[in-house]
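Please read these notes with the structure open beside them.

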Amino acid sequence: MQQHNDPILKVSNLKKHFPIKSSIPFKKSTQFVKAVDGVSFDLYKGETLGIVGESGCGKSTVARLINQLISPTEGVVEFKGTDLASLNTKDIRSARKSIQMVFQNPYASLDPRKTIEYLVAEPLVIHGIGDEASRKKRVIELLETVGLSAYHAKRHPHEFSGGQRQRINIARALALNPDIVVCDEPVSALDVSVQAQVINLLKDLQKEFGLTYIFISHDLNVVNYMCDRIAVMYLGKIVEIGTYKEIYENPQHPYTQALLSAIPKENPFDAKERIILSGDVPSPVNPPSGCAFHKRCRFAMEKCATMQPTLDTVTATHQVSCHLFEAIQQEVPTP
Amino acid sequence: MTERLLDVENLTVEFKSGGSTMKAVNGVNLQLNKKETLGIVGESGSGKSVTATALMRLIPSPPGKITNGKIHFNGRDLLAISEKDMRNVRGNDMSMIFQDPITSLNPVLTVGNQIIEVIQAHETISKKDAAAKAVEMLKMVGIPEPEKRLKMYPHEFSGGMRQRVMIAIALACNPKLLIADEPTTALDVTVQAQILDLMKKLQQEHDTAIIMITHDLGVVWELCDKVNVMYAGRTVESTTTRQLYEKPLHPYTWGLLESQITMGTQEQQRLPAIPGSPPDLTMPHSGCHFSSRCPLATDICRSKAPDLVEVQDNHFVACHLQSKEQIVARKEGIFNATAQ
């Protein structure tokens, strides 16, 4: 973690509201799914930032916004100082060379009719890099980097297992020498033993190529293992962000605490006290007033239903968005 | 406590596809007492779900067929009874919940109708009384405003709520055995905690035995008394949950335990991973199926399939290495050296 450098990626007040189509034709939609609602964070070179949260909290939408695959309703994504939204289509394409993605489902993300060689070379072809011979060489080099062999190049995706397909996806993401790789649940569809192989590979590649990762997952154990910093999202907002140690050892937000306590036991002797959250995640169309979490929160106060909390600083690297923390701060003034 | 509920002997299930036959389940034995919870763990393709569907006699045929074995359930051999009798057993005595609750519920029927249907299929009861019972069931699984929810359709429920409905349907006739096939895999951790909590509570209230099929050892630690570890259609290790954690004997179990990421996993440490991937079951294979990935494999492992032997009290292992050798040979991180 190099916290002192300028961030490689700066996301500020990012919002994405998807309109809900009105059932009356031509009528303007008045309701919106607030998938991402004001997310800000900095990403530093060489680090891994984890984004965790339950399904529907907006993790994947953040990933797609960063890559400009969808354009934000509001807010700015700055990559190395340039606002990506200000670029024209052509320039965005070249910016995307530096920000690549790996998706969750290795079965759906590879075209079954193409050979591995074609699939891995495709990004190079799109960006017009090299001639055919040099691309061939590069494909083999990439396959070897991710632990496959040159003879795999002529095969089709169905001949590979899930773990191998995820390796191919990683090779594809690396083809353009990106700075940032956004991994959207890269190991969720894999078996445990294979999951470990892919995680090891991701860690090795990071060391070798100095990659920066945004690692999106709902598996808290994997995130803890992979990431330097973690952002916890709830209903389109970051409720807590900090280094993995701060999040796991000193979680401040009641939601983070509940999320951590929901992780299954580590062994049969573990007598773990569990905070069981009641109810479900509320609809992002009509999020609750005030703090979005207050209806499920054990400590909810009157204030929580009316006022939205802001991100407060716990330490230089740890921020939390909760009225409770503010209240504690006021009672015990920090020296 | 020691009353035997289910005794499965040498269960073998084959699937024919194209010209080849695949033994998805190859001689599996299971024992389950009343009120007990048995976990079946394994990777995808290890045959855990096929075992469960075979117990319910729900294997699609063709292409699948139970070619061998006996299923003694509650004093009867389920493979010998007629389909009509089997229909009575399903739902009444044993029922099943599946991984994905949205595909197991009928989208065009209200949730209430689906619960009432099950109750009426097994009991002579008026629709009104069945509806009252359905409300009770929904209340039991912790669904708020059950009267209102009864008239709603599956798409109006969240994932966790749908799984609660599935549990309500499964428990509607108070079965002696509940088979849960990855019931929490599609759910978020917080919802998973809710559902596991609910299953534990209901098991105590109704004295149901549970077979829990999962790939997540965390779920096993939470809920199960005993575990069967499956690999490539066979049971490789079977013992109590605590014994499995403390003294696992099969190299595959070690790999499974070690590659599990937990909060204690050091961030600098490289994850131990089992090299390679599970074998293709359509290929003929002599020897132990795990031998190609096993760091301790010897010649005999590659030529002869090991039998499941009881090496200690209630601890069964299918491995050529003798238990003592295994414990000696078990050095922390045998999978580290070979891990790619």
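Predicted model: local features only at pLDDT ≥ 70, side-chain atom pairs only at ≥ 80, totals over all residues.

1. Buried area here is the accessible area (1.4 Å probe) that two parts lose on being put together, summed over both.

2. Residues are numbered from 1 along each chain as its sequence is written, chains are lettered from A and ligands numbered from 1 in the order in which they are written, and side-chain values use heavy atoms, with hydrogens and water left out.

3. The bounds of the domains come from an automatic or database domain assignment. For chain A it gives domain 1 as 9–98 + 182–191 + 209–331 and domain 2 as 100–175. Their C-alpha centres lie 31 Å apart. Contact (heavy atoms within 4.5 Å) involves 17 residues of domain 1 of chain A and 14 residues of domain 2 of chain A.

4. What holds between the two domains in polar terms? The count is 6 residue pairs in polar contact, both residues at pLDDT 80 or more. A polar contact is a pair of N or O atoms within 3.5 Å; within protein, one must be able to donate a hydrogen and the other to accept it, and residues adjacent in sequence count only if both atoms are side-chain atoms. The domains have 0 salt bridges between them, a salt bridge being a side-chain nitrogen of Lys or Arg within 4 Å of a carboxyl oxygen of Asp or Glu.

5. Helices (H or I, at least four residues) and strands (E, at least two) are DSSP runs, numbered from the N terminus. How many salt bridges are there over all chains? The count comes to 21. One of them joins the side chains of A:Lys237 and A:Asp37, at 3.3 Å from N to O. A:Lys237 lies in strand β10 (residues 237–243) of chain A and A:Asp37 in strand β2 (residues 32–43) of chain A, so the pair ties together parts that are 200 residues apart in sequence.

6. Between the chains, 43 residues of chain B are in contact with 42 residues of chain A. The two chains bury about 3800 Å² between them, 54% of it on carbon and sulfur atoms.

7. On the chain B side, α8 (189–206), α9 (217–223), α10 (241–246) and α11 (251–259) each supply at least two residues that touch chain A. The largest share, 7 residues, comes from α8(B).

8. Rings of Phe, Tyr and Trp (its six-membered ring) pair if their centres lie within 6.5 Å; planes under 30 degrees apart count as stacked, over 60 as edge-to-face and the rest as tilted. The whole structure has 8 aromatic pairs over all chains. The rings of A:Tyr255 and A:Phe293 have centres 5.2 Å apart and planes at 65°, so this pair is edge-to-face.
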